[in-house]
Amino acid sequence: MALTLLRHTTPAVAPGTCYGRTDLALADSFEAEAARVIAGLPEVAHVVTSPLGRCLRLAERIAEARGLRAEVEPLWTEMDFGRWEGVPWAELPRDELDAWAADFYGARPHGGESVAELRDRVAAGLARLPAEPVVVVTHMGTIKAALHLAGQTGAWDHTVAFGTAVPVPRGAAVR
């Protein structure tokens with residue numbers, strides 16, 4: 001019943017850019033990153049992926065290497081940052097960032113998805129996973145939400161590097 005969440009490889013976007021549901025291309029380093037990721041993954045019976053290309057491409061590569069099929073699950077899509085999408089974090093309106101910090105779970109100053117909505121969507125995604133060992137190719141926001149739901153202290157502050165696999169305990173108390 002192993003669950004591994006895997007952040008996609010490096011996207012072709014300027015560092016410091018806010019992106020969530022934006023479907024970005026991958027960096028030229030994809031082939032090398034994918035080979036490293038595949039070599040380090042545990043045995044899995046299922047490959048589940050966000051529909052965004054930066055995840056789907058890696059999931060398809062993993063599935064091919066393991067003789068499996070990548071299963072697209074929209075519940076694993078990154079958070080929708082609304083009008084913040086594509087804007088450098090340093091250029092976001094200070095009052096909107098302050099509103100988000102003041103009501104981390106409920107605020108939607110960008111017009112997109114709230115953190116609570118992301119958390120609830122990821123909970124539904126976790127509930128739909130098969131019992132057999134699975135790798136989910138996804139995004140940092142969804143990984144943070146899953147770690148939070150598994151009871152990990154400081155999950156929302158957790159940083160996950162591109163192409164990094166994060167084991168998640170199954171059966172932990174879901175919040």
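Trainee: Leaving aside neighbours within four places in sequence, what is alanine 99 in contact with?

Mentor: Alanine 99 is in contact with Ala107 and Pro109, once neighbours within four places in sequence are set aside. Contact means heavy atoms within 4.5 Å. This is a predicted model, where local features need pLDDT of at least 70, side-chain atom pairs count only at pLDDT 80 or more, and totals for chains, interfaces and linings use all residues. Residues are numbered from 1 along each chain as its sequence is written, and side-chain values use heavy atoms, with hydrogens and water left out.

Trainee: Where is the place of alanine 99?

Mentor: Alanine 99 is in helix 3, residues 94-102. Helices (H or I, at least four residues) and strands (E, at least two) are DSSP runs, numbered from the N terminus. Alanine 99 counts as partly exposed because its relative accessibility is 35%. The cut-offs are under 20% relative accessible area for buried, over 50% for exposed and partly exposed in between, with a 1.4 Å probe and protein chains only.

Trainee: And arginine 94, buried or exposed?

Mentor: Exposed, because its relative accessible area is 55%. Arginine 94 is in helix 3 too. Its C-alpha is 22 Å from that of threonine 22, 72 residues away in sequence.

Trainee: Switching to rings. How many aromatic pairs does the count come to?

Mentor: The count is 10 aromatic pairs. Rings of Phe, Tyr and Trp (its six-membered ring) pair if their centres lie within 6.5 Å; planes under 30 degrees apart count as stacked, over 60 as edge-to-face and the rest as tilted.

Trainee: What do phenylalanine 81 and tryptophan 89 form?

Mentor: An edge-to-face pair, 5.7 Å centre to centre with 85 degrees between the planes. Phenylalanine 81 is buried, at a relative accessible area of 8%, whereas tryptophan 89 is partly exposed at 33%.

Trainee: Why is the pair of phenylalanine 104 and tyrosine 105 edge-to-face?

Mentor: Because the planes of phenylalanine 104 and tyrosine 105 are at 75 degrees, with the ring centres 5.4 Å apart. Phenylalanine 104 is partly exposed at 29% relative accessibility, and tyrosine 105 is partly exposed at 31%.

Trainee: Which residues do ring pairs link into a cluster?

Mentor: Phe81, Trp84, Trp89, Trp100, Phe104, Tyr105 and Trp156.

Trainee: Now strand 1. Is leucine 6 buried or exposed?

Mentor: Leucine 6 is buried, because its relative accessible area is 0%. Leucine 6 sits in strand 1, residues 3-7. Not counting residues up to four places away in sequence, leucine 6 touches several others, among them Val37, Leu58, Val136, Ile143 and Ala165.

Trainee: What does alanine 165 touch, not counting residues up to four places away in sequence?

Mentor: Thr4, Leu5, Leu6 and Leu41. Alanine 165 is in strand 5, residues 165-168, and counts as partly exposed at 35% relative accessibility. The C-alpha of alanine 165 is 9.3 Å from that of valine 136, 29 residues away in sequence.

Trainee: Where is threonine 9 found?

Mentor: In the loop between strand 1 and helix 1 (30-40). Threonine 9 counts as buried, at 0% relative accessibility. Its contacts beyond four places in sequence include Leu26, Phe30, Arg54 and Phe162.

Trainee: What pattern does the protein chain follow along the sequence?

Mentor: The order is β-α-β-α-β-α-α-β-α-β. The chain's radius of gyration is 16 Å, close to the 16 Å that the globule rule gives for 175 residues, so the chain is as compact as a globular protein of that length. The radius is taken over C-alpha atoms, and the rule is 2.2 Å times the number of residues to the power 0.38. Buried residues make up 49% of the 175.

Trainee: What share of contacts with a separation of 6 or more do residues 24 or more positions apart account for?

Mentor: They account for 69% of those contacts in the protein chain.

Trainee: Last one, charges. How many positive and negative side chains are there?

Mentor: The protein chain has 17 positive and 22 negative side chains, and the centres of the two sets lie 3 Å apart. Lys and Arg count as positive and Asp and Glu as negative, while His and the chain ends are not counted. Each charge is placed at NZ of Lys, CZ of Arg, CG of Asp or CD of Glu.
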